[in-house]
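Open the model in your viewer and keep the selection panel at hand. The stops below go from a whole chain to a helix, then to an interface.

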Amino acid sequence: MPAVQETIDTVKAIDVDQYKYGFVTDIESEKGAKGLSEETVRFLSAKKNEPEWMTEWRLDALRRFQQMEEPSWARVSYPKIDFDDLYYWASPKSVEGPKSLDEVDPELLATYAKLGIPLAEQEILAGVEPKNRVAVDAVFDSVSVVTTFKEELKKAGVIFCSISEALREYPDLVKKFLGTVVPVTDNYYATLNSAVFSDGSFVYIPEGVRCPMELSTYFRINEQNTGQFERTLIIADKGSYVSYLEGCTAPQRDENQLHAAVVELIALDDAEIKYSTVQNWFPGDKDGKGGIYNFVTKRGDCRGKNSKISWTQVETGSAITWKYPSCILRGDNSRGEFYSIAVSNGHQQIDSGTKMIHLGKNTSSRVISKGISAGKSENTYRGLISAHRKASNARNFTQCDSLLIGQECGAHTVPYIESKNASAQFEHEATTSKISDDQMFYCLQRGLSEEEAVALIVNGFVKDVIQQLPMEFAVEAQKLISISLEGSVG
Amino acid sequence: MNASVPIKHTQAESDLLDRFDSAKGALAGSVAVAALREAALGQIRDRGLPHRRVEEYKYSDLRAFLKSAAPLAAAADAATAKALLEGQDSYGDLDRFRIVVANGTFLADLSNTDALASEGVTLTALNDALAGEGGAQLLASPKTGLSDGVVALNTAFVQGGVVITVKAGAEVSKPVELVQVATSTGAQVTRNKITLGEGAKLRLLETFAGDTGEGELNTVLDCELGDKAALATTRLVIGAADAPRLFTTIATLGAETEFKSLGFIAGPRFTRNQQFVNFTGENSEAKIYGVTMAGGEALADQTLIVDHAVPHCNSREFFKTVLDGRARGVYQGRINVAPHAQKTDGEMMTQALLLSEDAEMANKPELEIFADDVLCAHGATSGQIDEDLLFYLRARGIPEDEAKTLLVLAFLSEAIEEYGEDDVTEGLEARVRDWLAGH
């Protein structure tokens, strides 16, 4: 079936030339030397007053990186990246020194306000609890400019700060966990990131604490020819809970910009981490010029029993997306979830999906992925579900749908399903009509027509995915959600 | 990866290069055919045997599996072939025609050559065709591509086979069994070509007899269907064999054709059954089925690429796998839909049943879609025997072993019955029972 008009209009509304966040902030900035070398890494590390072991860690990663080859298996194509023609450090001049809101350059505050991210801490009025308070860590080019609500979070025992600060203030905690989920040499871009990551967020939720508010990091690339390499590390100690949001934008430029991030999540016994992303990097113009290359390694480790990690992503930006948020289900009874809506338009290329690696007993995972491609874009779902020998009673349910709008785009599905345990039950399906015969029967029996029944079930199902998104992102996601599933293909 | 860096050859690869040097003088074909053989061998020399870093062989590492390569089998011995055929009864007393190829040699005397001729079927030895003017065409037909390692190996070493031509409008009244017999040990490398004229109909049964010892079996079935033609082809691979069994089907489908195929694998240590189906005319339909049983240390790989290059074609893929012991099952299926191949309807399903703790299944059902008005779906499941079903049968007084047999048979029969070639259903189900009783 072809796509319905409403869907076509909705996708058009978020087409590449409608990009709203393409403005440039005119702010004085300081850059490191161009090029990737030991000096660059040492400069970076010194700039951040890092401990000696961290500098060595980075240098080790750099040496490994120099011996690696760029992977070519993803269905994306782009000219070779010249890593020596990039700046690895760019920072607004005004952010040196202590960070409190009053000292932040008003130009920066204005930039974030323009992006709809108020950095001012809302006051709690007497007796009135604001509905949705979010603590924000704002990362501008290579540095974190401000982190809000720090004091209040501290009262709950929650550590939320930039990773540079964490390296100075809590080196033992960082040393214990950094690189344990995504090892230094995990892959080409993760290795690069390990060598040159400039900033990012660090979160630690102590045992038994439910984080009192949503945490959020907002990434902005402003400078030209600058790579952004952020590193996020989130640790949820026993029995804790945290919901974390990530947003990103970049100015409209003719050159491609590189963004290679690493995100590591660690959930100990009974802990839960919910990680949501609305990825809105500049996708390039309608002729495919410019845009962000987004090569991201995201992985969560359900290290403890009964732990849970949930990824939700809405992907609309970037010229190239190469991103597979994954879960390692190590602890018994742990659970991993992946909900994704990926919309590609213009000349965008998306190769995204997930990996659910079942290691522990009674582990379960759920993958829901919806890809919509329009224009001349390519949209690929690539996923791995695997159950190892000891993963008795592992369960997985995967559903991936894709929708094509127009004749010049492509949608691809590349699932790998590997079962090494007989009691593991894996189900993978990719049609709307197959969702459930029982539900259909139930609806038909109550007098609904077949079409009404399908609409009802599909709507209920989409709502399911959307409910995974925190309130703050619901508005942005709303635009995508109204997209009908009609005419979708596996 | 830099192709110019020479690879370090494994023992088997060195053996194959030596094998070519000593055999090439005797291998049939025109000058152009010899050049194709050289080019194909060059691919093995440069890239080696297919291995796990080659995406299509990710789960079936032939390079690691093949420790050494035996020489090609010697010339056929008709008397031995005759004796072996008498002991072979895969389909019992099913009324059928027979075509016999022994060690690559087409044996007209043991085949129903005359009866087939009266049905409109002409049989020619492949080697005669290779020596002729269009010989190179036979090995270089479109999409046979040198890029696949197993096909390249076949092209380099092909010893012979048969060319089956069914004239336009001929509907062959009985199934035709193409038996490939190994009358002595050694590698068997064959290629068979089937050409169906417009509106022709043929049901083909591929069977294998004899022992190749340490030699691999590598056979390609190249099918070309004229408009409105119909072909059903059943490949029966049974019995234990330690050397690799490598099967390739290439199907090129004209307009309004019907193509059906069933790959039945039970027993060998290393089997790869790969099929490439190409739609070149509109309103055609392809139905591909797979029934796989593997136990012990066996690896059974069913690989499939269906290429929807034109609009208005349907394809159905339905694969069932049962694994026991430490066996590994592989299913890799890909449906390609080219730009403008609108109204394509593709549906792919793969289901696996794991009977033991140590069995492994890898499923990779892929879709690659470039047209927007299509219906494509795929499904994949894997799991063990449903305890509730087992309990139901046990509660009715059926012993556990028998109950399991019934459930496995029911599971696999779904594909056999949907394949719908009624006269072979019984034979195939009997082979399932054999496997269950004997593995």
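The tour starts with the ground rules and then moves through the selections.

This is a predicted model: local features need pLDDT of at least 70, side-chain atom pairs count only at pLDDT 80 or more, and totals for chains, interfaces and linings use all residues. Residues are numbered from 1 along each chain as its sequence is written, while chains are lettered from A and ligands numbered from 1 in the order in which they are written.

**Stop 1: chain B**

Select chain B. It has 11 helices and 19 strands. Both are DSSP runs numbered from the N terminus: helices are H or I with at least four residues, strands E with at least two. Its C-alpha trace spans about 70 × 50 × 50 Å along the principal axes.

Now colour chain B by burial. Buried residues are 54% of the 439. A residue is buried if 20 or more other C-beta atoms lie within 10 Å of its own, exposed if 12 or fewer, and partly exposed in between, with C-beta atoms placed from the backbone.

**Stop 2: helix H3 of chain A**

Select residues 52-66 of chain A. This is helix H3, with 15 residues. Which residues of H3(A) are buried? They are A:Arg58, A:Ala61, A:Leu62 and A:Phe65. They cover an arc of only 105 degrees around the axis, so they lie on the same side of H3(A). The arc is that of the directions from the helix axis to the C-beta atoms.

Turn to the other side of H3(A): A:Glu52, A:Trp53 and A:Glu56 are exposed there.

**Stop 3: where the chains meet**

Show both chains. Here 31 residues of chain B are in contact with 29 residues of chain A. Contact means C-beta atoms, placed from the backbone, within 7 Å. On the chain B side, select strand S18 (360-369) and strand S19 (375-383); each supplies at least two residues. The largest share, 10 residues, comes from S18(B).

Pairing requires at least two DSSP bridges between two strands. End on A:Glu429, whose bridge partner in S19(B) is B:Gly379.

Conventions: The expected span of a helix is 1.5 Å times one less than its number of residues. Two residues are in contact if their C-beta atoms, placed from the backbone, lie within 7 Å.
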